[in-house]
Amino acid sequence: MNQLQLFLPCAAGVEDYLAAEILRITGLPPGCITKQRGGVAVRTSFAHAMLLNLYSRLAQRVLVLLSYTEYRSEQDLYRAAMAVPWEHWFTPRESIKVEITAQHSPLTSLNFAALKVKDAVCDRFRETAGGVRPDVDTQWPDVRIYAHLTTDSCSLYIDTSGEPLFKRGWREDKGEAPLKETLAAAMIAASGWAEGDADGDLAPLYDPCCGSGTIAIEAAQIACNIAAGSLRRFAFEKYRPFRAPEWAAMKAEAAQAVVKPEPGQAALIYGSDVSHRMVDFAQRNAQRAGVADVIEFRGGDALQRLPPCATPGVMLVNPPYGERIEAGGFAGAARFGARELPETDSAGDDHDFFSKLATHWKKNYSGWTAWVLTPDLKLPSKMRLKESRRVPMWNGPLECRLFKFEMVKGSAREKPVEP
């Protein structure tokens, strides 16, 4: 288990940040990784697969590539799956689920293709385990098997994560469509906030539309050096290569590395939301995440709240859109939940809100840097600001941009765009 090919999928646009994170977690040389569209491949060991599950904030899963073959028919998929030594990874006592994805596959039914892979896994166990085969559980399987098809190739993976990695284990209170923790971590990585200044000191961080607190909590865990997966379980804990003492040592080392602020130390990370219900959610989530004493949450309208501290810092925000912004103003509209694209009947209010927000920021947040994630590519013109940087980033199926605005009094239109 020391020569594995792992694949860590991530949101499109996050590959560079994930590659750097993998090298930082594993200590591997750059030649061991390969960036691909929507993820990063890495040649390494099962121990590193465990470490990546524990520490990665940007990956969606940690998959192990077990087979790569060419195919033309469903029978070819059956033969490929039948040749994999699944018995080296788990026993027939574990339940399984086969999921399939495809890009330009010539097969007419992906469901039938998944069924053939499942049949092959079960038949393999019948041959190697005395006629006993694993059960199928589509809801809470012990083992997730992924088949990815292109026009002529099939890749078979076993998932070491189980639940997707954005499920950190602390979010129990949330709005309608909360920002995924992995995407919040990608925003933080793109902003460079976690790198600190020349002395390594972190600037204040503020989310004026914090919702259930995702961005603030991710930032606080980074500041406290809390491992992203320290509160949850993983699928690999049921696999045959798993060694409990090795895993216990990894978790103990992660726990010892946590850094907490001194008693009475001022907060470094701030969040506010117009909905006091969401602020309450954020506070409870922060408590479960172990960072309640690092973040200061308050209620308040984004168009009215003044800077939370005297020192200029970084704003990271994923604001509400479309029908959420109405003539009644932000306080009347932002019940923090679904992030919707601007709709034609609310475009005027949408434009008015962001124009007012930019005016408020320029007047009261001089010296701050604002990073705004949005699917609206016209946001800078609505805010009448010139972005100094734009980072492509996908939020699920939505193509977004993370815009960087330097807050100076008066117009910032003439500031050049960084390459």
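Student: In this predicted model, which residue just after α5 takes a positive phi?
Tutor: Helix α5 covers residues 181–191. Just after α5 there is a residue with a phi of about 75 degrees, and that residue is glycine 192.

Student: Is α5 itself enclosed or open, and how many of its eleven residues are buried?
Tutor: The buried residues of α5 include Glu181, Thr182 and Ser191 as well as Leu183, Met187 and Ile188. Because of the number of buried residues, α5 is largely enclosed by the rest of the structure; the count is ten of the eleven.

Student: What covers the buried residues of α5?
Tutor: Among the covering elements are the helices α1 and α6. Strands also take part in the cover, and they include β11 (314–317), β12 (369–374), β13 (389–395) and β14 (398–406).

Student: How are α5 and α6 oriented relative to each other?
Tutor: The axis of α5 comes within 9 Å of the axis of α6 (residues 214–223), and the two cross at roughly 65 degrees. The crossing is right-handed. Angles of 65 to 115 degrees count as roughly perpendicular, and therefore the orientation of α5 and α6 is roughly perpendicular.

Student: Which residues of α6 meet α5, and how does the contact divide by class?
Tutor: From α5 the contact uses Glu181, Ala184, Ala185, Met187 and Ile188, and from α6 it uses Thr214, Ile215, Glu218, Ala219 and Ile222. By class, the residues of this contact are seven nonpolar, one polar and two charged.

Student: At what angle do the axes of α2 and α7 cross?
Tutor: Two packed helices are described by the angle between their axes and the distance between the axes. For α2 and α7 the crossing is right-handed. Their axes come within 11 Å, and the angle is roughly 35 degrees.

Student: Which residues make the contact of α2 with α7, and how many of them are charged?
Tutor: Helix α2 supplies Ala47, Met50, Leu51, Leu54 and Tyr55, while α7 supplies Glu246, Trp247, Met250, Glu253 and Ala254. The classes are eight nonpolar, no polar and, for charged residues, two.

Student: Is α2 mostly covered or mostly open, and which elements do its buried residues pack against?
Tutor: Of the ten residues in α2 (46–55), eight are buried, so the helix is mostly covered. Those buried residues include Phe46, His48 and Asn53. They pack against β1 (4–9), α1 (15–26), β3 (39–44) and α7 (244–256).

Student: Is arginine 124 buried or exposed?
Tutor: Arginine 124 sits in helix α4 (residues 110–128). Beyond its neighbours within four places in sequence, arginine 124 contacts Met82, Ala83, Val84, Pro85, Trp86 and Glu87. Its relative accessible area is 17%, and the cut-off is under 20%, so arginine 124 is buried.

Student: Which residues touch the most other members of the largest nonpolar core?
Tutor: That core has 99 residues. Another core, of 23 residues, lies apart from the largest one and includes Leu303 and Met407. In the largest core, the residues asked for are Phe90, Val291, Ile295 and Met393.

Student: What percentage of contacts between residues at least 6 apart in sequence join residues at least 24 apart?
Tutor: The protein chain has eleven helices and 14 strands. Buried residues make up 54% of its 419 residues. For the contacts described, the share is 78%.

Technical notes
Residues numbered from 1 in each chain as written. Predicted model: local features only at pLDDT ≥ 70, side-chain atom pairs only at ≥ 80, totals over all residues. Heavy atoms only, no water. Core = buried A, V, L, I, M, F, W, Y, C linked by side-chain atoms within 4.5 Å. Buried < 20%, exposed > 50% of the residue type's maximum accessible area, 1.4 Å probe, protein only. Helix = DSSP H or I, 4+ residues; strand = E, 2+ residues; numbered from the N terminus. Contact = heavy atoms within 4.5 Å. Axes fitted to C-alpha atoms, helices over the stretch in contact; angles between N-to-C directions. Parallel < 35°, antiparallel > 145°, perpendicular 65-115°, else oblique. Left-handed = near helix turned anticlockwise from the far one by under 90°. Nonpolar A, V, L, I, M, F, W, Y, C, P; charged D, E, K, R; others polar.
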